[in-house]
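Student: I've just opened this one and I'd like to learn how to read it. Can we go through it feature by feature?

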Amino acid sequence: MPRPAGPAGPGPGVHPASLAPRDGRITKGPTMPDWRRMRGGMRGRWKAVLVVLLVAFVGFGVYLDQNMTRVEALPAESAGAGSGTNYLIVGSDSREGLSAEDEERLATGDAAGQRTDTIMLLHSGRSGDVLISLPRDSYVPIPGRGSNKINAAFAFGGAPLLVQTVEQATGLKIDHYVEVGFGGFVGAVDAVGGVEMCVDEAMNDPLAGLDIEAGCQDMDGQTALGYVRTRATPGSDFDRVQRQREFLSALLSQATSPLTLLNPFRTIPLASAITDTITVDDSDRLWNVAGLAWAMRGASGSNGVQTTVPIGGSAGGSNLRWDRERASALFGALQNDQRPPESSFGP
């Protein structure tokens, strides 16, 4: 007589099939996990994460857009014309937002009001991107004010009068206006972790708070501000506008690099630093500023152009008179959205 099955299973001579249920039910052994169901669940979670990130990204963009300072910079009826897109970039020496300690640390002084030492015209079109420096001592007609240095237009009537002056002098229609103060510039440089620049000779200018050695080096915001402000070099303002173009191009190239854009610890401080102290026309939006950054990147590339408006001589004292023939060739080409001839490059 066979022994009954114990805890270890059926006894010897007992076939496992004899232990199957007698009511016709079918039993299954252990099954493998349903990987397709697991993959579907993972995809669902990733989609949810992406939706949350997209909503956060859009929300942050809306916040930044609303946080920018806006002024009525562009005239209702432009004195200029032409194809392509033209940006007027202004570096203001406004101390707004700087504490007394900041003014001392950055060697900005405590002058009231605002002036501009940096005026650039950026053209973007089908023939490439062109960045032109307009020296602050350029002697040009200012609507309603006679002739004076171009930066006097900003002191007399702020952004609106400066835009009108530039349009009248160049014949180009200004489509977008961007103004950045000291604080925004320093904050943007620090937010991207500094910008590497290569300096041919040591530079020391106590008035600009600058003391650097020759060679390639990473500049923080404080050093960078002194670097783009100083005129203590043989070429004075011509050297300065070239440094400003080169540094701004390097800054925006780094700001739009994947290393920065994919790093929220850099992107968020950078965006906040810029929008907290940037001033744009009341018709400009955040994407217009992004367009400027990409056009600047193009101007510093192999197909881009960076130059200074051609100078024909002095108009008395430190005033600079433009070379009318070459300047007309430069701005005439941009009016037609064409690449300007090298003979029109300044100074």
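Student: Where does serine 236 lie?

Tutor: Serine 236 lies in helix α6. Helices (H or I, at least four residues) and strands (E, at least two) are DSSP runs, numbered from the N terminus. Before we go on, this is a predicted model, where local features need pLDDT of at least 70 and side-chain atom pairs count only at pLDDT 80 or more, while totals for chains, interfaces and linings use all residues. Residues are numbered from 1 along each chain as its sequence is written, and side-chain values use heavy atoms, with hydrogens and water left out.

Student: Which other residue has a positive phi although it is not a glycine?

Tutor: Aspartate 337 is one of them, with a phi of about 55°. Aspartate 337 sits in the segment after α10 (324-335), and with a relative accessible area of 4% it is buried.

Student: How many helices and strands does the chain have?

Tutor: The secondary structure comes to 10 helices and 15 strands. Of the 347 residues in the chain, 39% are buried.

Student: Back to α6, then. What should the 20 residues of helix α6 span?

Tutor: The expected span of a helix is 1.5 Å times one less than its number of residues. For α6 (residues 236-255) that gives 28 Å, and the end C-alpha atoms are 28 Å apart, which agrees.

Student: Which residues of α6 are buried?

Tutor: Among them are Val241, Arg243, Phe247, Leu248, Leu251 and Leu252. Glutamine 242 also lies in helix α6, but it is partly exposed, with a relative accessible area of 38%. The C-alpha atoms of glutamine 242 and glutamine 306 are separated by 8.6 Å, although these two are 64 residues apart along the chain.

Student: At what angle do α5 and α6 pack?

Tutor: To get an angle, axes are lines fitted to C-alpha atoms, for helices over the stretch in contact, and angles run from 0 to 180 degrees between N-to-C directions. Helix α5 (residues 221-229) and α6 pack at about 140°, with their axes 8 Å apart. Angles under 35 degrees count as roughly parallel, over 145 as roughly antiparallel, 65 to 115 as roughly perpendicular and the rest as oblique. The two helices are therefore oblique to each other.

Student: Which residues make the contact between α5 and α6?

Tutor: Contact means heavy atoms within 4.5 Å. On the α5 side it is made by Ala224, Tyr227, Val228 and Arg229, and on the α6 side by Arg240, Arg243, Gln244 and Phe247.

Student: What covers the buried residues of α5?

Tutor: The cover includes α4 (182-191), β8 (195-199), β9 (203-205), β10 (210-212), β11 (215-219) and α6. The buried residues of α5 themselves are Gly221, Ala224, Leu225, Gly226, Tyr227 and Val228.

Student: Which residues have the most contacts inside the largest nonpolar core?

Tutor: In soluble globular proteins, nonpolar side chains tend to be buried together. A nonpolar core is a set of buried Ala, Val, Leu, Ile, Met, Phe, Trp, Tyr and Cys residues joined through side-chain atoms within 4.5 Å. The largest one here has 39 residues, and Leu122, Tyr227 and Phe247 have the most contacts inside it. A second, separate core of 31 residues includes Ala73, Val166, Trp322 and Phe331.

Student: What is tyrosine 227 in contact with?

Tutor: Leaving aside neighbours within four places in sequence, tyrosine 227 is in contact with Met197, Val199, Met203, Leu210, Ile212, Met219, Arg243 and Phe247.

Student: Where is leucine 134 found?

Tutor: Leucine 134 is in the loop between β4 (128-133) and β5 (139-142), and it is buried, with a relative accessible area of 2%. Setting aside neighbours within four places in sequence, its contacts are Ile119, Ile150, Val166, Val309, Trp322 and Phe331.

Definitions and conventions:
Buried < 20%, exposed > 50% of the residue type's maximum accessible area, 1.4 Å probe, protein only.
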